[in-house]
Amino acid sequence: MRLLRARGLYGPRFREVLPALALLVAAVCSVVALLAWGYRAAGVAVPLAGAVVVVAAVAFWARRRRPGARRRLGYYTPDDLLELDTQGLALAVARMLRRDGWRVRLIPAPDRPHVCARNTDGCHLDVSFRPVAEPLPDEEPPHPHARRGKPDDEVLRLVVHRGTFAARDVRWARREGKTRLLDGSALRRWGAGEKLDELLAEEA
């Protein structure tokens with residue numbers, strides 16, 4: 001049994017799951033007691049209403065747990081992110097930005113999709129997707145499209161990469177000033193529900 005646990009092939013011990021089990025039992029007992037009290041106080045309407053609320057909450061939770069619904073809401077697991085191609089990653093980033101309260105415009109392209117976003121504070125974000133941040137010699141650096149007279153130096157450029165940026169990419173971003181890098185680790189945390197502003201604040 002010890003060998004199985006060492007390999008991760010055996011479940012947790014009883015004492016490890018006991019706190020969660022106790023909380024679950026306490027929650028169930030509390031709900032049952034509340035429904036019983038409501039039945040004695042107001043009749044059968046209270047237990048029926050409670051049952052409807054519980055069923056609706058369970059259905060909502062199960063629906064949100066479904067991969068398709070979860071992704072449409074802007075939540076992605078690490079495995080979800082690994083399965084995406086560049087177009088799918090751009091769509092995922094657009095959904096995560098909408099989840100964080102940004103107004104988003106996704107500009108599809110066969111090999112280099114683009115996302116433009118603006119939040120309620122008036123901040124503009126220009127997102128690109130590429131293996132490295134520094135443009136190749138035959139590439140033009142990605143510049144955001146004109147946005148109602150907004151100068152380029154007021155637009156934050158974000159480069160998203162599922163892997164790890166090289167040191168030269170970090171140096172290039174620092175030289176650019178208004179360019180930020182979001183690597184695979186930060187992308188996974190963003191997909192799990194952390195806010196983009198918090199992740200960018202850590203990098204700063």
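Here is a short walk through some salt bridges in this structure. The model is predicted, so local features need pLDDT of at least 70, side-chain atom pairs count only at pLDDT 80 or more, and totals for chains, interfaces and linings use all residues. Residues are numbered from 1 along each chain as its sequence is written, and side-chain values use heavy atoms, with hydrogens and water left out.

Let's begin with the overall count: a search of the whole structure finds six salt bridges (a side-chain nitrogen of Lys or Arg within 4 Å of a carboxyl oxygen of Asp or Glu). One of them joins the side chains of D80 and R70, at 2.7 Å from N to O. This pair links distant parts of the chain, with D80 in helix α5 (residues 78-83) and R70 in helix α4 (residues 67-72), ten residues apart. Helices (H or I, at least four residues) and strands (E, at least two) are DSSP runs, numbered from the N terminus.

Stay with D80 for a moment. Its side chain also meets that of R71 in a salt bridge, 2.8 Å from N to O, and R70, R71 and D80 are linked in a network of salt bridges. D80 is buried, at 6% relative accessible area, while R71 is partly exposed at 27%. Here buried means under 20% relative accessible area, exposed over 50%, and partly exposed in between (1.4 Å probe, protein chains only). R70 is buried too, like D80.

Now turn to E176 and R157, whose side chains form a salt bridge at 3.2 Å, N to O. E176 lies in helix α7 (residues 167-176) and R157 in strand β4 (residues 155-160), 19 residues apart, so this pair links distant parts of the chain. E176 is partly exposed at 37% relative accessibility, whereas R157 is buried at 9% relative accessible area.
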